Structure formats: C-alpha cells, structure tokens
Amino acid sequence: VCDPQQGITIEFFSHLVESLLGCGFTVRRLEDAVSHPQSGSTAVITFDDGYLNNVQALDVLKQFDIPATFFISTRHVTDQKSFWWDAVYREAAKRGANGSAIQRRVRDLKRLKAEEIDARIVQWFGPRALIPISDCDRPFSASELASFAASPHVMLGNHTSDHAILVNYES
C-alpha cells in the first residue's frame with residue numbers, strides 16, 4: 001500500500017534504539033540537544049510526516065524511556081489526505097508500473113510545488129488517489145494526534161502544512 005521506503009518495522013526500530021544505547025549514546029529531545037549540547041555521543045530520534053502508524057513506536061519509546069520528535073504535516077491531518085509518494089506508489093503499481101518507473105515519477109514530482117504535485121496525481125490517477133486506503137498509509141486524525149502527543153515521550157514539530165519541498169518555492 002505504501003512506498004516501500006516507508007517499511008521500518010517495530011522490531012527494527014527497537015533494535016536500532018537498543019544498539020544506540022548499547023554503544024553509549026544518550027537519546028535526547030531534539031530541542032535540548034540543539035539548545036544545550038553535551039559532550040559524548042548524543043542521538044536524536046525523529047519521525048517525519050505524521051503517519052498514524054507512528055503510534056506503534058510509542059511502546060519502544062516507553063520501554064527505553066527515551067523521547068522522539070514527530071514532524072507533522074498538518075494539512076494531511078486536517079484533510080485526511082494520503083502522502084503523495086504513497087499515492088503515486090500505490091496507484092502506479094496498480095497500473096503495472098515497475099519500481100524504477102515509479103521512482104522516476106516520484107523524483108520528477110519532487111521538483112514541483114505541493115499543489116502542483118497533487119494536481120498531477122489527480123490528473124494521472126483520478127480524484128480518489130489521494131484518499132488513504134488503510135491505517136498504513138493514512139495520517140493521524142486530529143484527535144489521535146492529540147492523544148499521541150500527550151505522552152511525555154512524544155514531542156511534535158512542524159513539517160509544513162502540506163509537506164512542501166521548500167526549495168521549490170521563492171523566498
């Protein structure tokens with residue numbers, strides 16, 4: 001359903017955290033690591049976009065008592081819209097495109113502004129292409145995000161309202 005690059009499992013994440021801690025890293029809040037650097041090995045854990053499935057990371061964060069920052073694309077939350085790369089992967093694969101063709105299409109779309117990307121996806125695949133089809137490819141809802149953010153292990157950051165690739169915009 002989703003872009004295969006999004007395939008991090010809970011087991012992999014848990015092993016990554018365990019490895020970092022086993023190597024002597026201290027996992028810190030992003031804002032603390034930036035505003036108050038410390039000597040020694042520091043790691044900061046971040047997640048991009050605001051997928052609902054990020055809630056699965058919470059058990060690992062609690063288990064190791066570590067923080068993570070989740071950068072949320074807010075309009076995806078309010079509009080319950082698929083992330084465009086997942087829509088491209090899902091819809092192009094349904095139509096028989098191979099992996100390299102899909103990657104080329106994604107690479108080409110990254111040169112456009114967010115609203116142009118959405119328009120192109122609708123043109124290619126129809127207006128339903130940007131509707132998530134499962135919990136795997138959908139963003140948090142506002143209430144789910146509020147509940148998730150109540151955890152002391154969760155910090156939120158802004159990942160623009162529409163996941164814009166900012167170099168595509170004039171200042």
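Reply: The answer below starts with the chain as a whole, goes on to the salt bridges, and ends with the surroundings.

The model is predicted, with local features needing pLDDT of at least 70 and side-chain atom pairs counting only at pLDDT 80 or more, while totals for chains, interfaces and linings use all residues. Residues are numbered from 1 along each chain as its sequence is written, and side-chain values use heavy atoms, with hydrogens and water left out.

The chain holds 8 helices and 5 strands; these are DSSP runs numbered from the N terminus, helices being H or I of at least four residues and strands E of at least two. Read from the N terminus, the order of elements is α-β-α-β-β-α-β-α-α-α-α-α-β. The C-alpha trace spans about 50 × 40 × 30 Å along its principal axes. Of the 171 residues, 42% are buried. Buried means under 20% relative accessible area, exposed means over 50%, and partly exposed lies in between (1.4 Å probe, protein chains only).

A salt bridge here is a side-chain nitrogen of Lys or Arg within 4 Å of a carboxyl oxygen of Asp or Glu. By this rule there are 11 salt bridges. Several residues are joined up: Arg90, Glu91, Lys94, Arg95 and Asp137 are linked in a network of salt bridges.

Arg90, another member of the network, is 12 residues from Ile102 in sequence, and the two C-alpha atoms are 9.5 Å apart in space. Ile102 sits in helix α6 (residues 99-109). Because its relative accessible area is 5%, Ile102 is buried.

Asp135 bridges to Arg138, with the closest N and O atoms 3.0 Å apart. Here Asp135 is partly exposed at 45% relative accessible area, whereas Arg138 counts as buried at 16%. Arg29 bridges to Glu31, where the closest N and O atoms are 2.7 Å apart. Arg29 is at 28% relative accessibility, so it counts as partly exposed.

Now the helix packing. Helix α5 (residues 84-94) packs with helix α7 (residues 114-125) at an angle of about 15°, the axes being 11 Å apart. That makes α5 roughly parallel to α7. Axes are lines fitted to C-alpha atoms, for helices over the stretch in contact, and angles run from 0 to 180 degrees between N-to-C directions. Angles under 35 degrees count as roughly parallel, over 145 as roughly antiparallel, 65 to 115 as roughly perpendicular, and the rest as oblique.

Gln80 lies in the loop between α4 (74-79) and α5, and its phi is near 50°, a positive value in a residue other than glycine. Most residues other than glycine have a negative phi. Gln80 is at 27% relative accessibility and so counts as partly exposed. Asp65 also has a phi near 50°; its place is the loop between α3 (58-64) and β4 (68-72). With 60% relative accessibility, Asp65 counts as exposed.
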